[in-house]
Amino acid sequence: MHTNSATNLTFTDYHPVPADFYEEIVAGLNQTPKRIAPKFFYDARGSQLFEAICDLPEYYPTRIEKKILMDHVDAISKAMGPHCCIIEPGSGSSDKVRLLLDAVNPRGYMPLEISKHHLLAAMDRLTQDFPWLDVHAVCIDFTGDLTVPDHQDDAHRVAFFPGSSIGNFEPVDAMRFLRDLRAVVGDDGGLLIGVDLKKDEATLNAAYNDAAGVTADFNKNLLVRINAELDGDFDLEMFRHWAFYNADAGRIEMHLVSECAQAVRIGAHTFSFSEGETIHTENSYKYTVREFQDLARATGFRPVETWTDTNDLFSLQYFAAA
Ligand SMILES: C[S@@+](CC[C@H](N)C(=O)[O-])C[C@H]1O[C@@H](n2cnc3c(N)ncnc32)[C@H](O)[C@@H]1O
């Protein structure tokens with residue numbers, strides 16, 4: 001752990017990425033169909049591209065979730081209770097928690113983020129803007145062992161998981177992760193979670209296929225990253241972004257499609273692609289409010305309150321530990 005020049009910021013680094021990046025990429029590309037875990041999107045450039053996606057006109061989730069947070073901040077802070085410690089997995093820029101801080105007045109804030117430079121830059125800004133906030137930043141892969149450091153231990157804990165990042169998990173893994181969060185927040189804790197809702201396919205497909213091509217750049221950044229960090233030779237022109245709503249599975253799927261038959265080298269390994277073969281890079285599951293409540297209930301959380309926008313595009317749901 002180290003403390004930075006701002007006295008209200010401490011930092012624990014679990015060094016989540018470099019050791020397993022190569023092994024996981026090789027293992028994923030040896031599977032049929034080929035796949036890469038979405039957590040690898042987020043190097044410094046990937047994090048910036050995600051920020052840009054959040055501002056796209058087609059990408060409704062960020063805009064609407066922020067509006068729900070602002071419109072219902074009093075009810076949300078009442079549900080969270082006074083003087084809690086907010087724990088935010090995948091905190092990114094920590095923009096959304098800013099909308100809660102003045103109303104909730106938490107005793108502590110613990111962002112858990114895989115993208116270290118993005119995390120530290122965001123915390124420098126946050127601690128300047130909220131000098132009274134006691135922050136303990138943690139660089140961690142939250143899909144691994146979710147043990148978090150002690151911080152403001154006499155405060156009750158509320159996990160804040162916005163952005164519908166829960167949709168990136170297979171439902172069975174989402175349940176495992178929610179159980180981990182339930183253990184982290186304890187018997188007097190809570191969970192405030194953003195969940196993207198099932199809706200018409202055109203809206204969903206547009207959100208992941210923006211006209212400006214930013215989502216395509218975000219998807220392809222995986223290949224840029226493999227080339228730079230793992231001595232890969234992906235030809236970026238020979239792969240294209242493909243995203244679509246799979247209604248049977250209830251999820252957006254994101255893939256990179258090989259434009260031709262080709263071989264790609266990564267370090268000592270060579271991978272063959274046939275024309276049209278894909279690397280499956282992300283799923284984003286969509287739920288009804290009821291479906292998600294049932295899932296959360298099975299992991300030890302009790303639904304307390306749900307807030308949605310007027311068009312029922314997105315939901316923010318509060319659960320207490322059952
Ligand atoms: C979809 S973005 C959401 C960012 C922000 N929470 C929001 O709602 O806008 C996902 C965030 O989670 C982080 N992330 C993704 N996988 C992660 C993992 N396995 N462990 C820790 N952080 C992760 C990414 O770096 C990114 O900042």
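Domain bounds here come from an automatic or database domain assignment. For this protein, the assignment gives domain 1 (2–17 + 48–200 + 286–321) and domain 2 (201–285). The model is predicted, so to speak of local features pLDDT must be at least 70, side-chain atom pairs count only at pLDDT 80 or more, and totals for chains, interfaces and linings use all residues. Residues are numbered from 1 along each chain as its sequence is written.

Let's start where the domains meet. Taken over C-alpha atoms, the centres of domain 1 and domain 2 are 27 Å apart. The contact (C-beta atoms, placed from the backbone, within 7 Å) takes 18 residues from domain 1 and 19 residues from domain 2. On the domain 1 side, helix α2 (residues 44–54) provides the largest share, 4 residues; helices are DSSP runs of H or I, at least four residues, numbered from the N terminus.

Now look inside. A nonpolar core is a set of buried Ala, Val, Leu, Ile, Met, Phe, Trp, Tyr and Cys residues joined through C-beta atoms within 7 Å, where buried means that 20 or more other C-beta atoms lie within 10 Å of a residue's own. The largest such core has 72 residues, and Ile86, Val158, Ala159, Leu191 and Leu192 have the most contacts inside it. Helix α7 (residues 171–185) gives the most to this core, with 5 residues. Because domain 1 and domain 2 both give residues to this core, it lies between them.

How values were computed: Two residues are in contact if their C-beta atoms, placed from the backbone, lie within 7 Å. Helices (H or I, at least four residues) and strands (E, at least two) are DSSP runs, numbered from the N terminus. A residue is buried if 20 or more other C-beta atoms lie within 10 Å of its own, exposed if 12 or fewer, and partly exposed in between; C-beta atoms are placed from the backbone.
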